[in-house]
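Subject: Structure for you to look at

Hello,

Please find the structure below, followed by notes on what was found in it.

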Amino acid sequence: MSAMLTLALLVMVTLDFTVAQTGVCYGNLGNNLPAPGEVVALYNQNNIRRMRIYDPNQAALQALRGSNIELMVGIPNTDLQNIAASQGNANNWVQNNIRNYQNVRFRYIAVGNEVSPIRSDTVRYVQFLLPALRNIYNAISAAGLGNQIRVSTAIETGVLGNSYPPADGVFRSDVTSYLNPIIEFLRDTRAPLFVNLYTYFSYINNKGSINLNYALLQPNSGITVPGGIRYDNLFYAILDAMYAALEKSGGSSIEIVVSESGWPSAGGDSTSIDNARIYNNNLIQRVKNGTPKRPNRGTETYIFAMFDENQKGGPDYERNFGLFRPNKQPKYPISFN
């Protein structure tokens, strides 16, 4: 491929956050999963145009060459200290994992995942996240890719101190000193904030006050919140609470990309194939539309996940989020058209 054609393909990458194209997360914590080439073919067969991977898996990147699937590639939390340590380390990461794959349609780099000072499993990475973000951004800019690839990080909704009503959404007081500089970085670099948003966890932790159909995004299950605003589903309500919290922290110009959302089909409270089917099919439709706070604006969203991952840790439901079984057969009917 000529350098001119490569450049043309890179320029064609769109960063229009209002286009509600639904992607799917491709985790590979399983010993029975298809080869990356088969996975890419499965994405194409099902018209899934965007993918999130959690590390720069070289076999996956090779399989994505020329596929036109837009990619969010992650830098694992365990690599943040190295990336933060020097600009040279970040430059090398970008050279090895981005520039060496110029016919892969990189859309985002997710630097870290759910790093938070209130999580015992990630608190040790907090000091490295912002320096790593800056170094990767500088490396991408120096490579001439700053207009094609956005650099951000993924947070989870547990950082909200209040989420109801959504207009009163605010970050917890013990995370603001950590989040505010990150929000400032995203605002200055015109990057979105990645949010892992699961109505499933909100529901099972608040079953006394949340209706299952509302959490499953079912039609005619909406509620009117204080202030008289009608919310059709819990996904919109949590998303608007995150937007309200962003505004209160100086991030009113920042768009949210939902970097994970899904419903497990087994292994826990309120899990079933039927609930997973209902949620994910509804999600694909709901994210095309705006929320009360952001009307007429779709939300770019990534469903978790492509496959069940039998080697993933945690509760049993963590291993049962897949849309497809390891034999590439759909677990239930779902359409991305």
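The side chains of Arg277 and Asp274 meet in a salt bridge, with N and O 2.5 Å apart; a salt bridge here is a side-chain nitrogen of Lys or Arg within 4 Å of a carboxyl oxygen of Asp or Glu. Arg277 and Asp274 are three residues apart in helix H11 (residues 273–286), and about one helical turn separates them. Helices (H or I, at least four residues) and strands (E, at least two) are DSSP runs, numbered from the N terminus. Arg277 is partly exposed at 30% relative accessibility, and Asp274 is partly exposed at 42%. On this scale buried means under 20% relative accessible area, exposed means over 50%, and partly exposed is in between, with a 1.4 Å probe and protein chains only.

Before the rest, a note on the source: this is a predicted model, in which local features need pLDDT of at least 70 and side-chain atom pairs count only at pLDDT 80 or more, while totals for chains, interfaces and linings use all residues. Residues are numbered from 1 along each chain as its sequence is written, and side-chain values use heavy atoms, with hydrogens and water left out.

Other salt bridges

The structure holds 19 salt bridges. One of them pairs Lys328 with Glu38, the closest N and O atoms being 2.8 Å apart. Lys328 lies in the segment after strand E12 (301–303) and Glu38 in helix H2 (residues 36–45), so this pair ties together parts that are 290 residues apart in sequence. Both partners are partly exposed: Lys328 has a relative accessible area of 30%, and Glu38 has one of 37%. Lys328 also has a positive phi, near 75 degrees, in a residue other than glycine.

Lys331 and Asp308 form another salt bridge through their side chains, at 2.7 Å from N to O. Both residues lie in the segment after E12, and the pair ties together parts that are 23 residues apart in sequence. Lys331 and Asp308 are both buried. Salt bridges that share partners also join Arg50, Glu70, Arg105, Arg107 and Glu300 into one network.

Ser265 sits in the loop between strand E11 (256–261) and H11. Ser265 is buried, with a relative accessible area of 9%.

Helices

Helix H10 (residues 234–248) has 15 residues, which at 1.5 Å a residue should span 21 Å, and its end C-alpha atoms are 21 Å apart, in agreement. The expected span is 1.5 Å times one less than the number of residues. Of the 15 residues of H10, 13 are buried, so the helix is largely enclosed by the rest of the structure. Asn233 caps the N-terminal end of H10, with a side-chain oxygen 3.1 Å from the backbone nitrogen of Phe235. After H10 comes Gly250, which has a positive phi near 85 degrees.

Helix H5 (residues 87–97) and helix H6 (residues 126–142) pack at an angle of about 55 degrees, and their axes are 8 Å apart. Axes are lines fitted to C-alpha atoms, for helices over the stretch in contact, and angles run from 0 to 180 degrees between N-to-C directions. H5 and H6 are therefore oblique to each other; angles under 35 degrees count as roughly parallel, over 145 as roughly antiparallel, 65 to 115 as roughly perpendicular and the rest as oblique. H5 passes H6 in a right-handed crossing. A crossing is right-handed if the near helix is turned clockwise from the far one by less than a right angle, and left-handed if anticlockwise.

Backbone

The peptide bond from Tyr164 to Pro165 is cis, with omega near -10 degrees. Pro165 is in the loop between strand E6 (160–162) and strand E7 (170–171). Phe304 and Ala305 are also joined by a cis peptide bond, with omega about 5 degrees, and Ala305 lies in the segment after E12.

Asn47 is not a glycine, yet has a positive phi of about 60 degrees. Asn47 is in the loop between H2 and strand E2 (50–53) and is partly exposed, at 33% relative accessible area.

Regards

Methods
A polar contact is a pair of N or O atoms within 3.5 Å; within protein, one must be able to donate a hydrogen and the other to accept it, and residues adjacent in sequence count only if both atoms are side-chain atoms.
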